[in-house]
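Good morning, and thank you for coming. Please look at the structure on the screen; I shall begin with the whole protein and then turn to one strand and its neighbours.

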Amino acid sequence: MTTNNPLLTPCKLGDIEIANRVIMAPMTRNRADADGTPNSIMRDYYAQRASAGLIVAEGSWPVITGQAYNRQPGIQTPKQIQAWREVTDAVHQAGGKIVLQIMHAGRIGSHHIKGSDVATVAPSAIKARGEVYTDSAGMQPFDMPEALTTEQVWQVIDEHRQAAENAKEAGFDGVELHCTSGYLPMQFLCSDSNQRNDEFGGSAQARAKFASECIRAMATVFGAGRVGLRMNPGNRFNDTKDENPAESHLALLHAVADLDLAYLHIMRAPTADIDAFKMGREAFKGALIINDGFDGESAAEAVTSNQAEAVSFARHYVANPDLVTRFAAQLPLAKFKRETLYTPGAAGYTDYPNA
């Protein structure tokens, strides 16, 4: 492997030492068993991609209340923990590093997915506009959520701590908090979905408290140097609206500034008025992973210009399990098949060949 490519040089993300700066981004692929247990094709999928400097495994629910999608993995039950252990063992045996993204969906969910006896919760009792695909009933509107009490908010924060405990037991090298795409931490952060009047609502600083407390809870398990934060200022996915997204996300970064987190994983802002990468560089003192729309050449330039320590790739990692090798040898990249992104089974998942 050539070393004149800055993407192929080692670095540290907090306490996580990585062999190169090519990061596999977390991607929902809906391949787990019906009960959220990872399976052998998931093990193979991640092991195939273990040459990444770091794999951020797909968003996994800490508790069943937080499940968003059919066949989405969880990190709650002993069965799920043991199955994830088989994944992490396979990645480590192939020389890779892997962290788990903890993803509580909040109001983005359906009783057709979680079960009619499982609550849908949110900062406020405000239903998200939109629909979600369910295996049992096709497209269905999001459920009306129940507003969490202050006591329940603290319980959910502790569920994130327990999810980190479970991830550690499963052999992960760390954890990442999913604070984008309209899921629970972002529901708290955004002014539209958070109409609370307790310590978790009102000002940007108060709305940022839920995510920052989840980060702190997760850090008690792994140490802050093995905990990452993923953000996407201005993201509107899943009916996300905020009157001042830059202010809200800066409030969160300031709230965790005293922690030496492993990294900030920040996506390009979808609106021209926010420079998310500049925000991350200026407001976060640790390692930066940037994401969205990069190829090998632009990613190398981002590292060379000190825009970030590393770059994560999603779509390229779907179809190119050997992405690092392709970058090193300047080989063409394969295209992914959109129609099999979320379908069950190995097709369009573990059957993409190496170069």
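For a chain of 355 residues, a compact globule would have a radius of gyration near 20 Å; the value here is 19 Å, so the protein agrees with that expectation. Please keep in mind that this is a predicted model. The C-alpha trace spans about 55 × 45 × 35 Å along its principal axes. Of the 355 residues, 60% count as buried. The secondary structure comes to 12 helices and 14 strands.

Let us now turn to strand E13, which covers residues 287-291. Is this strand mostly covered or mostly uncovered? It is mostly covered, with 5 of its 5 residues buried. Ala 287, Ile 289 and Asn 291 point one way from E13, while Leu 288 and Ile 290 point the other way. Residues on both sides of E13 are buried.

Which strands pair with E13? One is E12, residues 263-267, which runs parallel to E13 and is joined to it by 5 bridges. Within this pairing, Met 267 has Asn 291 as its bridge partner. Another is E14, residues 310-313, which pairs with E13 in the parallel sense over 3 bridges. Here Asn 291 stands opposite Ser 312.

Helix H9, residues 276-283, forms a right-handed β-α-β unit with E12 and E13. Helix H10, residues 296-304, forms a right-handed β-α-β unit with E13 and E14.

Methods:
Residues numbered from 1 in each chain as written. Predicted model: local features only at pLDDT ≥ 70, side-chain atom pairs only at ≥ 80, totals over all residues. Heavy atoms only, no water. Buried < 20%, exposed > 50% of the residue type's maximum accessible area, 1.4 Å probe, protein only. Helix = DSSP H or I, 4+ residues; strand = E, 2+ residues; numbered from the N terminus. Pairing = 2+ DSSP bridges. Right-handed = clockwise from strand over helix to strand, strands pointing away. Rg over C-alpha atoms; globule rule 2.2 N^0.38 Å.
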